[in-house]
Amino acid sequence: MTDRLYYTDPFLHEFEARVVAVSGEAVVLDSSAFYPTSGGQVFDTGWLEADGSVRIRVKEVVENEQTGEVLHILESAAVLQPGVMVRGMIDAERRLDHMQQHTGQHVLSAAFEKLYGFATVSFHMGEESCTIDLATDAVNARQLEAAEMLVNQIIAEDRPVEIRFATPDEARTLGVRKIPPAEREKLRLIDVRDFDLNACGGTHVRSTGQIGCILLRKVEKVKQGVRVEFVCGLRAVRTARHDFQTLTEAAGVFSTHIWEVPAQVRKSLEEIKTAQKAQHHLLEEVAELKAQQLLQAAPDRGGFKLVAQFFPERDLGFIKMLAQKVTKSATAVALLGCGGQQPSLVFAQTSGLANDMGALMKDTVQRLGTRGGGNRDMAQGGAPSGDSAEAALRDVAGGL
């Protein structure tokens, strides 16, 4: 088994070790400060240096759960062989970020459990944010704010975060928040003084003040409960800065203060809805007038009027509306097409006529190599181009 140096000193960024095994690009060392992906925390990256000059990138670190070996996945392991001494160097910036997120998760999980009895079911650390899943049906805004306030108070108090070891039986008497189900001779405990004691194999800061801060971001319902998204430390600073810049830009668009952006957005949405209703009403009037014009000029095919028209500048919404107006105003068949960004066809007829618009459309789109469909009285489909749509209309009209 690999001696895991981060167990006792998560701030150890450089170490010396001996290569035990090499398999492809995977290297096993007799000891390592590199953290492998485990328990929701992602792996460290860094470098291995051999012969004092050859530096090799460590791009991933994984754990062999059966053997306890830590596998260092390198960009190239060609120069390494068993017995060679190497110097390991951890990406310190990435390690600090992970320690801030993981310790922040301990404090946040403890806060939700102390305040509301919400146990943490799982933890995930992403590249931009982290999440915990809570065993509850809902978390409201008041509870979210209270938990955020409590965790940041604990951070401000700069409480010590210590590593302890205990047997599972000892851990139960100590009030450990969550004991892992797997039987182990010794458990590694992370002790946030007088606030949280939890079994964990990850890397953590030395005191809560080093977390920096915790910012809760989003809440969503998931299968196993409620998922809370959060960021800690320097991530929280970057996220807050990005949020502020986004709000500032939005405020500039509305010529208002950032606090007034939500009200301005709601006002703009209402104005858009009002304008859309007015536009729809006007479009209906246009369609009604156009339907009457087309019917007056349409030939009589023995029991129905045939309206066949292509509109190069109109869209699908308009020709559907027009088809409905035509077939409701008179006993008629409407074969309509449009150009624009999405060339389309609409076939419609007054209910009760003998034609089958769905079948007619199916045959047409098969010839055009597009898709479409509908029922006996109304169908729609696509066309490769405006020219092909117009040509298809002529062919269908000639066959009726």
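## Lys328, an exposed residue

Lys328 counts as exposed, at 74% relative accessibility (exposed means over 50% relative accessible area, buried under 20%, partly exposed in between, with a 1.4 Å probe and protein chains only). Lys328 belongs to helix H6, residues 316-329. Its C-alpha atom and that of Gln349, 21 residues apart along the chain, are separated by 8.7 Å.

## Basis of the values

This is a predicted model, in which local features need pLDDT of at least 70 and side-chain atom pairs count only at pLDDT 80 or more, while totals for chains, interfaces and linings use all residues. Residues are numbered from 1 along each chain as its sequence is written, and side-chain values use heavy atoms, leaving out hydrogens and water.

Helices (H or I, at least four residues) and strands (E, at least two) are DSSP runs, numbered from the N terminus.

## The four-stranded sheet

An open sheet is formed by four strands in the order S9-S10-S15-S14, with antiparallel pairing (two strands pair if DSSP finds at least two bridges between them). S9 (120-125) and S14 (214-222) are the edge strands, each pairing on one side only. S9 and S10 (residues 130-134) are paired over five bridges, and Met125 stands opposite Cys130 in S10.

Helix H4 (residues 233-254) lies across S9, S10, S14 and S15 (225-232), at about 95 degrees to S15. Such angles run from 0 to 180 degrees between N-to-C directions, and axes are lines fitted to C-alpha atoms, for helices over the stretch in contact.

## Glu229, a buried residue

Glu229 is in strand S15 and is buried, with a relative accessible area of 17%. Among the residues that Glu229 touches are Cys130, Thr131, Leu216 and Arg217, not counting residues up to four places away in sequence (contact means heavy atoms within 4.5 Å).
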